[in-house]
Amino acid sequence: DWMPLEHAAQVLLDGTTCNDEDFPVDFRPIIGMMRLILEKTASGPWSWADPDVQKVFAEVASGAVYRLYADVLVAMVIEILKAVPIRTVVEVGAGSGFVTGRLCSAMRENKLGRVRLIATDMLSSIDSLGHELHGRYPELDIQQFCWNIQHEAPPELRSRVGEALLAPDQ
């Protein structure tokens with residue numbers, strides 16, 4: 001039941017305080033993240049590099065709801081890759097690589113080595129993540145690229161992607 005999470009979001013948007021104890025345990029990390037987003041964006045621009053943001057997101061990423069999200073996201077991507085001849089997938093904001101690792105595992109299981117995966121993140125730790133994943137999945141074409149999505153994709157990244165097969169209407 002997602003209603004408690006919707007209720008928490010409305011309470012926070014209304015500026016009312018809420019106690020985490022009033023909500024199911026699995027939703028508490030997400031509520032903490034929502035609270036942090038409101039606080040941080042009220043005082044300035046959002047930054048994933050902020051240590052407070054990284055700490056709270058680590059709590060979210062270790063929770064059951066985020067694992068469910070990752071499983072659903074990976075399953076959708078795999079179904080698209082099986083149905084459409086896509087040559088490159090760009091993961092924007094790979095972070096710790098939790099979702100990326102699950103995607104690589106699913107690509108291996110579904111024999112999707114024809115698809116290049118470019119994992120991007122604004123933090124330089126993306127380089128070590130890319131090397132680690134390439135070591136675990138040598139049969140996959142895994143690349144990494146340091147990119148802050150608040151800026152346009154640099155020419156080097158765009159050249160790696162090639163022509164878009166699925167793109168929004170202009």
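There are 11 salt bridges in this structure, which is a predicted model. Let's visit a few of them.

**Stop one: Arg35 and Asp20.** Select these two and show their side chains. They meet in a salt bridge, with 3.2 Å from N to O. Now colour by secondary structure and look at where each partner sits. Arg35 belongs to helix 2, which covers residues 28-43, while Asp20 is in the loop between helix 1 (3-13) and helix 2. The pair is 15 residues apart and links distant parts of the chain.

**Stop two: Asp50 and Lys40.** Here the N to O distance of the salt bridge is 3.0 Å. You're still on helix 2 for Lys40, but Asp50 lies in the loop between helix 2 and helix 3 (51-61). This is another link between distant parts of the chain, with the partners 10 residues apart. Are these two buried or exposed? Both Asp50 and Lys40 are buried, so each has under 20% relative accessible area.

**Stop three: Glu152 and Arg158.** Glu152 counts as exposed because its relative accessibility is 66%, and exposed means over 50%. Arg158, at 41%, counts as partly exposed.

**Last stop: a network.** Salt bridges with shared partners join Lys40, Asp50 and Asp52 into one network.

Notes. Residues numbered from 1 in each chain as written. Predicted model: local features only at pLDDT ≥ 70, side-chain atom pairs only at ≥ 80, totals over all residues. Heavy atoms only, no water. Salt bridge = Lys/Arg side-chain N within 4 Å of Asp/Glu carboxyl O. Helix = DSSP H or I, 4+ residues; strand = E, 2+ residues; numbered from the N terminus. Buried < 20%, exposed > 50% of the residue type's maximum accessible area, 1.4 Å probe, protein only.
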